[in-house]
Amino acid sequence: MVVHLLGKEHLEGVSKSSGKPYSFDKVYVAFSQPHVDGQAVRDLMIPSNFDFSRLVVGQHYNFDFDMTGRLVGVSAAKV
């Protein structure tokens, strides 16, 4: 799926319920979707093994997902 990267953030802290530390990356993307006038938007968790710093806000990327909807690959897209 080709997406336009609108934003990204790194979140970390300590869970209030479990007391365990957490650290993860999230991106905000826009993409074309049938029956949507304009573009659809979504936030996605980035796997910990992916180099989050490579993503540049404003650029377009190919996001590849597995059968369960988990993000498994990211590459630069030609638009």
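Tutor: Let us begin with a definition: a residue counts as buried under 20% relative accessible area, as exposed over 50%, and as partly exposed in between. Please also keep in mind that this is a predicted model.

Student: Is D43 buried, partly exposed or exposed?

Tutor: The relative accessibility of D43 is 39%. The limits are under 20% for buried and over 50% for exposed. Because 39% falls in between, D43 counts as partly exposed.

Student: Which residue forms a salt bridge with D43?

Tutor: A search of the whole structure finds one salt bridge. In this pair, the closest N and O atoms are 3.3 Å apart. The residue that forms the salt bridge with D43 is K26.

Student: How many residues apart in sequence are the parts that this pair ties together?

Tutor: D43 belongs to strand 3, whereas K26 belongs to strand 2. The pair therefore ties together parts whose separation in sequence is 17 residues.

Student: Is K26 buried or exposed?

Tutor: The relative accessibility of K26 is 17%. A residue is buried when this value is under 20%. K26 therefore counts as buried.

Student: How many bridges join strand 1 to strand 2?

Tutor: Strand 2 covers residues 21-31 and runs antiparallel to strand 1. One example of their pairing is E9, whose bridge partner in strand 2 is K26. The number of bridges that join strand 1 to strand 2 is 10.

Student: Which residue takes a positive phi in the hairpin of strand 1 and strand 2?

Tutor: This hairpin has six residues between the strands. The positive phi is near 80 degrees, and the residue that takes it is G19.

Student: Which residue in strand 3 stands opposite V29?

Tutor: Strand 2 and strand 3 run antiparallel and are joined by seven bridges. In strand 3, the residue opposite V29 is R42.

Student: What is the bridge partner of V2 in strand 4?

Tutor: Strand 1 (residues 2-14) pairs with strand 4 (residues 60-65) in the antiparallel sense, over three bridges. In strand 4, the bridge partner of V2 is N62.

Student: Which residue has a positive phi in the turn between strand 4 and strand 5?

Tutor: Strand 4 and strand 5 pair in the antiparallel sense over five bridges. F65 stands opposite L71 in strand 5. The two strands form a hairpin with five residues between them, and the residue in the turn with a positive phi of about 90 degrees is G69.

Student: Which residues are in contact with L55, leaving aside its neighbours within four places in sequence?

Tutor: L55 is one of the core residues that touch the most other members. With its neighbours within four places in sequence left aside, the contacts of L55 are L5, K8, V27, I46, F50, Y61 and V74.

Student: Are the rings of Y22 and F24 stacked, tilted or edge-to-face?

Tutor: A search of the whole structure finds one aromatic pair. The ring centres of Y22 and F24 lie 5.9 Å apart, with an angle of 35 degrees between the planes. Planes under 30 degrees apart count as stacked and those over 60 as edge-to-face.

Student: Is V79 buried or exposed?

Tutor: V79 is placed in the segment after strand 5. The relative accessible area of V79 is 78%. A value over 50% means exposed, so V79 is exposed.

Conventions. Residues are numbered from 1 along each chain as its sequence is written. This is a predicted model: local features need pLDDT of at least 70, side-chain atom pairs count only at pLDDT 80 or more; totals for chains, interfaces and linings use all residues. Side-chain values use heavy atoms; hydrogens and water are left out. Two strands pair if DSSP finds at least two bridges between them. Helices (H or I, at least four residues) and strands (E, at least two) are DSSP runs, numbered from the N terminus. Buried means under 20% relative accessible area, exposed over 50%, partly exposed in between (1.4 Å probe, protein chains only). A nonpolar core is a set of buried Ala, Val, Leu, Ile, Met, Phe, Trp, Tyr and Cys residues joined through side-chain atoms within 4.5 Å. Contact means heavy atoms within 4.5 Å. A salt bridge is a side-chain nitrogen of Lys or Arg within 4 Å of a carboxyl oxygen of Asp or Glu. Rings of Phe, Tyr and Trp (its six-membered ring) pair if their centres lie within 6.5 Å; planes under 30 degrees apart count as stacked, over 60 as edge-to-face and the rest as tilted.
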